[in-house]
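Please prepare a briefing on the structure shown below, with the points grouped by topic and each term given its cut-offs.

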Amino acid sequence: KQRLIRFAFSLLRVCIDSITTRFNYLLQMATSTPSTGEKSLSKLLSTLTTTLHPSTFVFVTLPAGTQTSPTLLSSARMIFQETEGTTLITTREEAETHNLDYTFPCRMITLNVHSSLEAVGFMAVVATRLAKSNMGVNPVSGFFMIIVLCH
């Protein structure tokens with residue numbers, strides 16, 4: 001039992017060392033590459049406006065290797081290549097038109113503010129405020145905008 005505990009702790013140390021190394025690399029990259037956009041949390045919050053999109057959006061996961069129509073891909077709001085397959089965020093109407101299983105019917109809110117990719121705390125404030133209204137929140141960031149999918 002003691003040997004198993006020591007092994008678990010040594011494995012944990014290796015994982016922590018690996019995470020620390022990766023974090024330091026990312027930190028170095030972030031500080032060596034200038035970013036555009038606002039970094040000041042107070043300015044981001046004071047200038048923030050939002051757009052609530054009228055459609056209901058959903059998450060669809062297509063298994064790896066699945067062929068899909070170009071129409072579906074072009075209508076997807078976001079596409080993520082994941083280990084489990086390709087995840088699309090699209091309208092419920094598109095998913096139903098293509099007879100696809102979907103999950104998390106939600107509304108899309110665009111945060112109309114150009115935050116820096118290095119901004120700290122902005123999404124935490126937004127997510128916390130939405131959570132106080134008992135909303136499930138899935139933020140997705142691009143270079144120029146942030147989308148929040150709320151359920």
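F59 is buried at 19% relative accessibility, where buried means under 20% relative accessible area, exposed over 50% and partly exposed in between, with a 1.4 Å probe and protein chains only. This is a predicted model, in which local features need pLDDT of at least 70 and side-chain atom pairs count only at pLDDT 80 or more, while totals for chains, interfaces and linings use all residues. Residues are numbered from 1 along each chain as its sequence is written, and side-chain values use heavy atoms, with hydrogens and water left out.

**Aromatic pair**

- The structure holds one aromatic pair, a term that covers rings of Phe, Tyr and Trp (its six-membered ring) whose centres lie within 6.5 Å, with planes under 30 degrees apart counted as stacked, over 60 as edge-to-face and the rest as tilted.
- The pair is formed by F59 and F104 in an edge-to-face arrangement, with 5.8 Å from centre to centre and 75 degrees between the planes.
- Because F59 lies in strand β1 (residues 49-63) and F104 in strand β4, the pair ties together parts that are 45 residues apart in sequence.
- F104, like its partner in the pair, counts as buried, with a relative accessibility of 19%.

**Overall fold**

- The secondary structure of the protein chain comes to five helices and six strands, where helices (H or I, at least four residues) and strands (E, at least two) are DSSP runs numbered from the N terminus.
- Read along the sequence, these elements follow the pattern α-α-β-α-β-β-α-β-α-β-β.
- The protein chain has 151 residues, of which 25% count as buried.

**Backbone with positive phi**

- Most residues other than glycine have a negative phi, and most peptide bonds are trans.
- F104, which lies in strand β4, has a positive phi of about 55 degrees although it is not a glycine.
- N99 likewise is not a glycine and has a positive phi of about 55 degrees; N99 is placed in the loop between α4 (92-97) and β4, and it counts as exposed at 70% relative accessibility.

**The loop between β4 and α5**

- S116 is found in the loop between β4 (103-112) and α5 (122-131), and at 4% relative accessibility this serine counts as buried.
- A polar atom of the S116 side chain lies 2.9 Å from the backbone nitrogen of E118.
- L117 also lies in the loop between β4 and α5, but L117 counts as exposed at 55% relative accessibility.
- Together with F143, F144 and M145, L117 forms a nonpolar patch on the surface with about 430 Å² of accessible area, the areas coming from the Shrake-Rupley method with a 1.4 Å probe and, for residues, with only the protein chains shown counting as cover.
- Patches are made of residues with over 30% relative accessible area and no salt bridge, with like charges joined within 9 Å and nonpolar side chains (Val, Leu, Ile, Met, Phe, Trp, Tyr) joined within 5 Å.

**Salt bridge**

- The structure holds one salt bridge, defined as a side-chain nitrogen of Lys or Arg within 4 Å of a carboxyl oxygen of Asp or Glu.
- The side chains that meet in this salt bridge are those of E118 and K39, at 2.9 Å from N to O.
- Since E118 lies in the loop between β4 and α5 and K39 in the loop between α1 (2-32) and α2 (41-47), the pair ties together parts that are 79 residues apart in sequence.
- E118 is partly exposed with a relative accessible area of 26%, and K39 also counts as partly exposed, at 46% relative accessibility.

**Cysteines**

- A search of the whole structure finds zero disulfides, a disulfide being a pair of cysteine sulfur atoms within 2.5 Å.
- C106 is in no disulfide, and the nearest cysteine sulfur, that of C150, is 7.8 Å away.
- C106 is buried with a relative accessible area of 3%, and C150 is buried with a relative accessible area of 4%.

**Strand β2**

- F80 is placed in strand β2 (residues 78-82) and counts as partly exposed at 30% relative accessibility.
- F80 and T61 are 19 residues apart in sequence, and their C-alpha atoms are 9.2 Å apart in space.

Terms used:
Polar contact = N/O pair within 3.5 Å; in protein donor to acceptor, adjacent residues only side chain to side chain.
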